[in-house]
Amino acid sequence: MEKKFDKKLDELESIVEKIENKDTGLEESMKLFEKGIVIARECLDFLEESKGRIEDMTEKLDSIISAEREDKDE
């Protein structure tokens, strides 16, 4: 998914460049903007999912560390 994420970011940058181009008409800019919103939402969803996975892994690591400390204290 990381490559897809990077590709989506590249696509967003391309969309921004096209919208900022003074030769791009209003109608095309609106279509590009709508497409950009969809891509941005997909990127945010990926980041939220990644954040959740990191939090889960951190909690598991904390549990392991706590268990090891308890074993040493006994």
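Reader: What makes Ile19, Phe33 and Ile37 a nonpolar surface patch?

Author: Ile19, Phe33 and Ile37 make a nonpolar surface patch of about 270 Å². Patches are made of residues with over 30% relative accessible area and no salt bridge, where nonpolar side chains (Val, Leu, Ile, Met, Phe, Trp, Tyr) are joined within 5 Å and like charges within 9 Å. The areas come from the Shrake-Rupley method with a 1.4 Å probe, and for residues only the protein chains shown count as cover. Please keep in mind that this is a predicted model, in which local features need pLDDT of at least 70, side-chain atom pairs count only at pLDDT 80 or more, and totals for chains, interfaces and linings use all residues. Residues are numbered from 1 along each chain as its sequence is written, and side-chain values use heavy atoms, with hydrogens and water left out.

Reader: Why is Ile37 called partly exposed?

Author: Its relative accessibility is 47%. Buried means under 20% relative accessible area, exposed means over 50%, and partly exposed lies in between (1.4 Å probe, protein chains only). Ile37 therefore counts as partly exposed.

Reader: And why is Ser29 called buried?

Author: Ser29 has a relative accessible area of 12%, so it is buried. This residue is found in helix α2 (residues 26-73); helices are DSSP runs (H or I, at least four residues), strands are too (E, at least two), and both are numbered from the N terminus. Leaving aside residues up to four places away in sequence, Ser29 touches Ile19 and Thr24, where contact means heavy atoms within 4.5 Å.

Reader: How do you know that Glu42 and Lys8 form a salt bridge?

Author: A salt bridge is a side-chain nitrogen of Lys or Arg within 4 Å of a carboxyl oxygen of Asp or Glu. For Glu42 and Lys8, the N to O value is 2.5 Å, so the pair meets the rule. Glu42 lies in helix α2 and Lys8 in helix α1, so this bridge ties together parts that are 34 residues apart in sequence.

Reader: What makes Glu11 and Lys35 a salt bridge?

Author: Their closest N and O atoms are 3.2 Å apart. Glu11 lies in helix α1 and Lys35 in helix α2, so this pair joins parts 24 residues apart in sequence.

Reader: How do you know that Arg41 and Asp45 are about one helical turn apart?

Author: They are four residues apart in helix α2, which means a separation of about one helical turn.
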